[in-house]
Amino acid sequence: MQAAIVGSGLAGFTAYQTLRRALAPEEIAVFGAEDDPAATFRRHAAAIRQREMRSESDGHCLPTSFPGLAFSSAVRRRSARPLLGTLCDRFHPTVDEFLAHVGRLRDRSGWERSFRPAAVERIRAVDGGFELDGHGTFRHVLVATGHPGLNVPEELRGDPRAVHSYDAHDYAPSVTVVGAGLAAATEWLNALAAGSEVVSVRRREPLRRPLNVPREYFSRRGLDGFHRLGPGERSARLHALLAPSYPPGRAWDEPLATAMTEDRYRVEQSVNGSEQVICATGFVHGYAHDALLAGLVADHDLETVDGWIILDCDGAVPALTDETRTLALAGVAAQWAFPAADTLAGARYLAHGFLGRIRSCRTR
Amino acid sequence: MSYTLRGRIESRVAAFVPVVLAACVLAAVEHRWWPVEAAALMLGVGLALDVQAYHRLFRYQPGWAALPLGALELALVLALMRAAGVAAPLGQAVALFAGGWLVSQLLAHAGFPLRRLTYSEDGGELGRLGEAAAVAAGAVLAAAGATAYALRPPVVHLASGVHQGPMVITRREVLVGEPGAVVRGGIVVRASGVTVKNVSVVGGDYGISVEHVHGTVLDGVSVSGARLDGIHVRLAGVVVKNCTVDMLGNELGQGIDISYNMDMGMSMVEGCTVTGGMDGITTHSSMSDIVRNQVSRTTERGISVTEMSMGTVMDNEVRDASGIGIWCNDRSMCMIEHNTVVDTRPGRDGPGFGVLASFQSEANLWENELGANPVASGAITQSEVSRARSFSYR
């Protein structure tokens, strides 16, 4: 067995599609709790009633950026509209289109033959690779365990009115939405559409940008400068880049403007007496919240900064990677290497790096 | 896509390889070098813009931007081609550019990402493929340049003094006359790709005869005393420039006659001085541009474009013609711009038209000076004269 992927979510699934360029299903083991790679995403998208992806045509799980979802959508609809849309960066696949894409890939890629329903709780470096919690030794391991948990503000824990946006919920007649990112913006519109009166509570004004981070950070154009930053500067840059944001556009602005004139939407500084408080506050941050990563850091004395594990540019853990073996991270834990690591494009970037390590391995 | 500078350059050069190969094939088919010259200009303009403008202006370049940027590059390439004297048919040059642009878009959006997994995140960099493409493009251009150099026609210097003709040229060569070199009895061009430069011709049935060949250039020649035509072109493609044709005393011969070469592309008469003869400059069934010439004292028309010819008559000065100054005749299509026609005398063809369109011809007139003639302009026998601005080379 050549490689193992710890985590069966979308980041692990995207990495699997890339590894399949070089390895057979029998040479890859995927460890995870659910065999449906989109299970978590599906739950979260359903909870916030998300209909369109924030990502664009290349927000998919294939190893190459072409053909993107715009191309397949154009073929399926027999229309050039998706292609014209993607030329103007205005194509966003629907959640259903994306889930169908994942389903098709899952069926044809051999995913089921590689998947092992098991939770890996500890990774230990040994001669010739890494021992995975009694599941065997692997020369190359990619850890893609995803977000470690939902973030609920301290003051709202135990408040019976509070619900996290990514937990299933309906809307009360008066709703306070805490947060300023895409989930919060989606909740504002959902609650207004459900007839609720909405209060937005946020610590800062949300940024408006099409993607999670500025576009140049998806390529070497922006990454080279980012990778040259020292640990302190890079941490500060990451905090700035990862500030809550949602896309610009009338589809977001007009309903809010209308609701404001009707006194159904307002911004306040603190949670008031609403019947329901929706915490659109994303996920907890930092490796310490992930038991597997915390154990990895403790066992191998890995270098960390502000909750991030220090990584090479391609997501590899430098202290545990050499010419004969690779331990790399993907997904949100790899933002030290790629600020948008929690996106599909980020998962692909890190998968490419991992495959590159395997290909250049002397003992492969 | 957020290109790095290296990514821009590598992507452009790699996408250029099929274009330069196509240009080489086109050059081989057409026996002309303009496709390779145009391709080299395309690459040069693109790289210059990449380095000087695009990299600084666009941290991120959306897909739609390729269209206006492509139009900008096309305009610059065409302007440079004109400035550098690359004689390319406009339609073919635009088609070559458009084909190259389309190929580059297909490669950037589909071909390169499929070939190189990390193409997008590497900002368009292609790694070894980029280096190989640069070597290939450079090698093809260098090979084309070396071939052009090796295939240059031999230069034959004609010494000062009188050489008895007729001189028959049967191979591709450049014949350059030293000051005072005169050929008596005419020159006959019987090979393609011949250039005759700075030679004086005296006498002969035709001063210079060019038939059944292509790529002939007559530059700075001087013709006098021809019994029939001064410069006689049949079924051949020519460029005649900076010439002097003296036909005074010859009432029936033509100064310059270019005929029956419709299928050989555009011919050109530019910067010549023609005196005397029946017609100063005439074309029959020909696509020719007649530009910046001085024609005077002809026994009939100054310039005639006839027998289903097409072409531009521009910036010429016609004096003292008989009957018609500029004639568009016999189902021809003529763009007549910025010419000066004066002192046309009444003659066998009419009362002295500055410009006349006749026998189902179409003449488009723009900013000509025709006032000093008995009749400024006219259209007869189902012909049409319009006065709208048409496409102009000017």
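Q: Which residues does F218(A) touch, leaving out those up to four places away in sequence?
A: In this predicted model, F218(A) touches A340(A) and A345(A), and on chain B it touches S2(B) and E121(B).

Q: How far apart are F218(A) and A345(A) in sequence and in space?
A: They are separated by 127 residues in sequence, and their C-alpha atoms are 7.6 Å apart.

Q: Where in chain A is F218(A) placed?
A: F218(A) is in a loop of chain A, with β11 (207-208) on one side and α8 (220-228) on the other.

Q: Is F218(A) buried or exposed, and why?
A: F218(A) counts as buried because it has 27 C-beta neighbours inside 10 Å. The cut-off for buried is 20 or more.

Q: Back to the chains. How many residues does the contact take from chain A and chain B?
A: Chain A gives 18 residues and chain B gives 19.

Q: What is on the chain B side, by nonpolar, polar and charged?
A: On the side of chain B that touches chain A, eight residues are nonpolar, seven are polar and four are charged.

Q: Switching to domains. Which ones does the assignment give for chain A?
A: Domain 1 covers 3-149 + 285-359, and domain 2 covers 154-206 + 244-279.

Q: How many residues does each put into the contact?
A: Six come from domain 1 of chain A and eleven from domain 2 of chain A. On the domain 1 side, the residues are two nonpolar, two polar and two charged.

Q: And what separates the C-alpha centres of these two domains?
A: The centres of domain 1 and domain 2 of chain A lie 31 Å apart.

How values were computed. Residues numbered from 1 in each chain as written. Chains lettered and ligands numbered in written order. Predicted model: local features only at pLDDT ≥ 70, side-chain atom pairs only at ≥ 80, totals over all residues. Domains from an automatic or database assignment. Contact = placed C-beta atoms within 7 Å. Nonpolar A, V, L, I, M, F, W, Y, C, P; charged D, E, K, R; others polar. Helix = DSSP H or I, 4+ residues; strand = E, 2+ residues; numbered from the N terminus. Buried ≥ 20, exposed ≤ 12 C-beta atoms within 10 Å, placed from the backbone.
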